[in-house]
Amino acid sequence: MGFDITSIRNDFPNLQQTVHGEPLVYLDNAATTFKPQSVIDAITNHYSHETSNVHRGVHHLSEVATAAYEGAREKVRAFLNANSTKEIILTSGTTDSINLMAQSYGRALLDEGDEILITEMEHHSNIVPWQMLCQEKGCVLKVVPMNDDGELIIEEFHKLLNAKTKLVSVVYISNSLGTINPIKDIIKAAHAQGTSVIVDGAQAVSHTEIDVQDLDCDFFAFSAHKLYGPTGVGVLYGKEALLDTMAPYRGGGDMIASVTFEKTTYNVLPYKFEAGTPNVAGVIGLGAAIDYLNTLDFTDILQYKQKLLAYGTDQLSSIKDLRLIGTAKQKTSILSFVHPLIHAHDMGTLVDEQGIAIRTGHHCTQPVMKHFGVPATSRASLAMYNTTEEIDALVKAILHAVEVFQ
Ligand code: C6P
């Protein structure tokens, strides 16, 4: 236990390399995090020694793989503090989880004229599935606006929440602004109105401790790859009573109890929502990522990242004419910025020449860009293995880019 940055950095093989002759500075963790060696080993071990399908065989390897796969589900349950593994649906990612919600829960729940409430800072994956559903069902998408610090205008949320609101789907932590939304207040208010809440927890899982029972959210979606786990795996948590009422999203193997040409009956939770061969190795990798995080003290990690955020905010603010986009009081270690002389893409290319990886573009949040009147931002998103020295390197690279453009 305790927080030892050197030892943490040594756990991540991707950090030990140079790019363009410079030590790699990886500041694109909101897009995806690096994976510790233990996660890579768990995946390699599955493919090297335990390759087998799950839930489908009585032979030894199938039993080993099934135990590892279901063991990972239990680790996810404990990580989220869910009541039961029946509430943990394994998907391919946050996007898949939200689409499942729209196509299963939303489609059955919503009628013409009903309203779905989202916010101005949603990722496209929490906008487009609802728009598609609105088109199909004739329901209406309502949007809670934000202020110029990138904070939700909570009074507007309360005004927009009404008897027609059948669903609230909201991002916990914004990927392009870093804003931490007052999710518990939102959930409480929605429940008082009898409305269920879906939380997009894609960024939240690595930036705050999650307890779905304490949050009292109805559904919670996240991706393994933003939590030091592999790509292609995600989770949809849902309260058992609600998941029980929902129809399957996809049909196929494993999600059935019995099939005849006349009638199919469905499997029990959570399998009802897991048609087809799952990403067995990926799910085992997610379990290993949770094991890895359990060896660290989450409070230490959060404190460390808040220090990085404060340092990064100070340093970037000291650069002449640089504008930070996203200055919420409650914020995590995501630093989006623009500079009047340099387009974000040029900024990204120039700092890359110094071995520094940041993301540039709209970050799948075009409405956020519209709000701030910019086509794109540069974004440095910091993980627990980043350091103040890496922030210094970023600042130096930005100053160099400004010189080039002046
Ligand atoms: N954000 C980023 O660079 P998927 O792609 O399904 O794993 O996650 C989608 C998603 C949903 N919600 C939020 C808040 C997110 O940040 C993301 C992914 C990445 O910011 C890729 S655009």
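Buried area is the accessible area, taken with a 1.4 Å probe, that two parts lose on being put together, summed over both. The legends below concern a predicted model, in which local features need pLDDT of at least 70 and side-chain atom pairs count only at pLDDT 80 or more, while totals for chains, interfaces and linings use all residues. Residues are numbered from 1 along each chain as its sequence is written, and side-chain values use heavy atoms, with hydrogens and water left out.

View 1. The protein is divided into domain 1 (5-30 + 297-405) and domain 2 (41-294), with bounds that come from an automatic or database domain assignment. Their centres, taken over C-alpha atoms, are separated by 28 Å. The contact (heavy atoms within 4.5 Å) takes 34 residues from domain 1 and 30 residues from domain 2. Between them, domain 1 and domain 2 bury about 2700 Å², and 55% of this lies on carbon and sulfur atoms. Of the area that domain 1 buries against domain 2, 21% is supplied by Phe298, Thr332 and His371, more than by any other three residues.

View 2. Glu151 forms a salt bridge with Lys329, and their closest N and O atoms are 3.6 Å apart. On the side of domain 1 that touches domain 2, the elements giving two or more residues are helix H12 (298-317), strand S14 (334-338) and helix H14 (366-372). H14 provides the largest share of that side, 6 residues. Helices (H or I, at least four residues) and strands (E, at least two) are DSSP runs, numbered from the N terminus.

**View 3. The nonpolar cores.** A nonpolar core is a set of buried Ala, Val, Leu, Ile, Met, Phe, Trp, Tyr and Cys residues joined through side-chain atoms within 4.5 Å. Here, buried means under 20% relative accessible area, exposed over 50%, and partly exposed in between (1.4 Å probe, protein chains only). In soluble globular proteins, nonpolar side chains tend to be buried together. The largest core has 75 residues, and Leu80 and Phe220 have the most contacts inside it. Helix H11 (residues 280-294) contributes the largest share of this core, 9 residues. At least three residues of the core come from each of domain 1 and domain 2. Apart from this core lies another, of 26 residues, including Leu308, Leu309, Ile319 and Ala397. Leaving aside neighbours within four places in sequence, Phe220 is in contact with several residues, among them Leu80, Tyr172, Val199, Leu215 and Tyr237.

**View 4. Arg73 and its surroundings.** Arg73 is found in helix H3 (residues 60-80) and is buried, with a relative accessible area of 0%. Its side chain makes a polar contact with the side chain of Glu274 (2.7 Å). Not counting residues up to four places away in sequence, Arg73 touches residues including His55, Ile88, Pro270 and Tyr271. Pro270 lies in the loop between strand S12 (264-266) and H11, and a cis peptide bond with omega of about -5° joins Leu269 and Pro270.

**View 5. Asn126 in its loop.** Asn126 occupies the loop between strand S5 (115-119) and helix H5 (128-137). This residue is buried, with a relative accessible area of 0%. The side chains of Asn126 and Glu122 make a polar contact (2.8 Å). Beyond residues up to four places away in sequence, Asn126 touches Ile98, Ile118, Ser169, Val170, Val171 and Asp200.

View 6. Ala31 lies in the loop between strand S3 (25-26) and helix H2 (37-49) and counts as partly exposed, at 21% relative accessibility. Ala31 and His363 are 332 residues apart in sequence and 8.6 Å apart in space, C-alpha to C-alpha. Cys364, in the loop between strand S16 (359-361) and H14, has a phi near 60°, a positive value in a residue other than glycine. Asp321, in the loop between H12 and strand S13 (323-325), has a positive phi near 70°. Asp321 is partly exposed, with a relative accessible area of 49%.

Conventions:
A salt bridge is a side-chain nitrogen of Lys or Arg within 4 Å of a carboxyl oxygen of Asp or Glu. A polar contact is a pair of N or O atoms within 3.5 Å; within protein, one must be able to donate a hydrogen and the other to accept it, and residues adjacent in sequence count only if both atoms are side-chain atoms.
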